[in-house]
Amino acid sequence: MSSALETLRRDFGGDIIEPGGAEYESASRSLLASGSPACVLRPISVGDVRAGVGFAAGAGLVLSVRGGGHGFPGFGTNDDGVVIDLCKLANVEVIDKERHLVRIGGGATWGQVAAALAPHGLAISSGDTKSVGVGGLTLTGGIGWKVRKYGLALDNVVAAEVVTADGEVVRASAEENPELFWAIRGGGGNFGIVTAFEFVAHPTTDVFYGKIAFPASEAATVLQGWADYLRAAPDELTSIASFANPFAGGPEAPVEIYVTFDGDDPEFAARAIDPIRRLGTVVDDDVALKPYADTLVDGATPPPGIQLLTRSAFVDKESVPEVLRILAEAGASEGSPFIAVRSVGGAVSLIPDDATAYAHRQAELMFVTTTAGPKPVVEAARPALEALWGRLAPHVNGAYANFLASATEEDVAAIYPTETYERLAAVKRRYDPGNLFARNHNVRPQ
């Protein structure tokens, strides 16, 4: 590898970080995983990305691609391989003011994007954490605070610049390489490294954002009422229900209903949000008008040794009552995982199921369970967690790739239904026949 590395040094304009270097300890790990890669590359140009891909492929090394580094399975690092860290490819530029067209580097974070677009009065619905990477979130979904009005983050992508496994730079859009464009909107990092996205942003005002909390004892009725109301609520309202927070009392923790109303008219906002306030006994209500960028929170870094066991699934309309009943019952039990339920529907469901590789358009809810702690604590919680998911299994479907801590074949099958997977595999055969981009929820080139 040494001769290949020397060649890379001549061709690479960014940083090459190796074991023993001053930055190696921090560069070698992602937010949720440790690693010991042979080198970490931080490109400053598309040419650098091409050189990095060529180096990894030529040396036969495992390749990880890192955006924000938030991936629960730890795809953003590895042992003895190459990490291409895109953090220096983070420009955010409005390239067409009339169309609200924005070009965003593949290494940008959503906090950077929100801050850069705010002076232009623009926004992109993008998740809920500032430090999450644009690339990782967008390539597999993007259920953000305006998802019911503007769809998934990937629904607002109109083009992408992609470095493929053979080092070529291709443009993917509805007109150019349309099958690749279809695949990267939901198919994850399986097909190349996206060095830049083009999004259509939307004009934004300040928004009404905050939480309305209810006693844990009212969880069952509040959750059912919340889901019933969201079914008919205006698309300007997006909401998440969370409960059984182990850091706020576990089974005694309040049920917290987070809301974002996309608009700054207090009367319209009250009309949309007040039905939630009437669902039970309000013990806290901090909903207020604030800039959209302030709806994104700072991502927490777990202490060393803390593991996160995260799992997700989708719920169709007919299964909502039973799933919420099971989750409310679980949340009232000692040792319950932290549970968060997200409203989807709205604009997401208006796009045809096969228009992108994101295949769960008709789901009404997406929920996540998270167990956190040192490894012995997480392992001790597994039997109860498996029992809970066993009860849920007949009533849920699929999985949301951005909230999965594992990457088994079962996980991949849950993310991608058979027809979607087969179409993705055909794209994979064309653009990455050697499966260089395997550090993801992997689609194999069949």
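**Note on the predicted model**

1. Lysine 146 lies over the face of tyrosine 292, at 4.8 Å from the ring centre.

2. On the overall form, the protein chain contains 13 helices and 19 strands. Its C-alpha trace spans about 70 × 55 × 45 Å along the principal axes. For 446 residues, a compact globule would have a radius of gyration near 22 Å, and the protein chain agrees with this, as its value is 22 Å.

3. The interior deserves attention. Of the 446 residues in the protein chain, 55% are buried. Among contacts between residues at least 6 apart in sequence, 73% join residues at least 24 apart.

4. Which residues have the most contacts inside the largest nonpolar core? They are Trp110 and Leu180, and the core itself has 59 residues. Another core, of 44 residues, lies apart from it, and includes Phe214, Leu237, Ile257 and Leu388. When neighbours within four places in sequence are left aside, tryptophan 110 is in contact with a series of residues, among them Ile124, Val132, Val134, Leu137, Ala153, Phe199 and Leu296. The partners of tryptophan 110 also include Ser126, Thr129, Lys130 and Thr138.

5. The structure holds eight aromatic pairs. In one of them, the rings of phenylalanine 72 and phenylalanine 403 have centres 5.9 Å apart; their planes meet at 40°, and the pair is therefore tilted. Phenylalanine 72 and phenylalanine 403 are both buried.

6. How are the rings of phenylalanine 314 and tyrosine 400 arranged? Their centres are 6.4 Å apart and their planes stand at 80°, so the pair is edge-to-face. Here too, distant parts of the chain are linked: phenylalanine 314 is in strand β17 (residues 306–315), tyrosine 400 is in the loop between α11 and α12, and the two are 86 residues apart. Phenylalanine 314 has a relative accessible area of 0% and is buried; tyrosine 400, at 2%, is buried as well. Ring pairs join Phe72, Phe314, Tyr358, Tyr400 and Phe403 into a cluster.

7. The structure accordingly holds zero disulfides. Cysteine 39 is buried, with a relative accessible area of 0%, whereas cysteine 87 counts as partly exposed because its relative accessibility is 34%.

8. Is asparagine 440 buried or exposed? Its relative accessible area is 10%, so asparagine 440 is buried. Asparagine 440 lies in the segment after α13 (418–431). Its contacts, leaving aside neighbours within four places in sequence, are with Phe75, Gly189, Asn190 and Ala407.

Notes:
Residues numbered from 1 in each chain as written. Predicted model: local features only at pLDDT ≥ 70, side-chain atom pairs only at ≥ 80, totals over all residues. Heavy atoms only, no water. Helix = DSSP H or I, 4+ residues; strand = E, 2+ residues; numbered from the N terminus. Buried < 20%, exposed > 50% of the residue type's maximum accessible area, 1.4 Å probe, protein only. Contact = heavy atoms within 4.5 Å. Phe/Tyr/Trp six-rings, centres within 6.5 Å; stacked < 30°, edge-to-face > 60°. Lys NZ or Arg CZ within 6 Å of the ring centre and 35° of its normal. Disulfide = S-S within 2.5 Å. Core = buried A, V, L, I, M, F, W, Y, C linked by side-chain atoms within 4.5 Å. Rg over C-alpha atoms; globule rule 2.2 N^0.38 Å.
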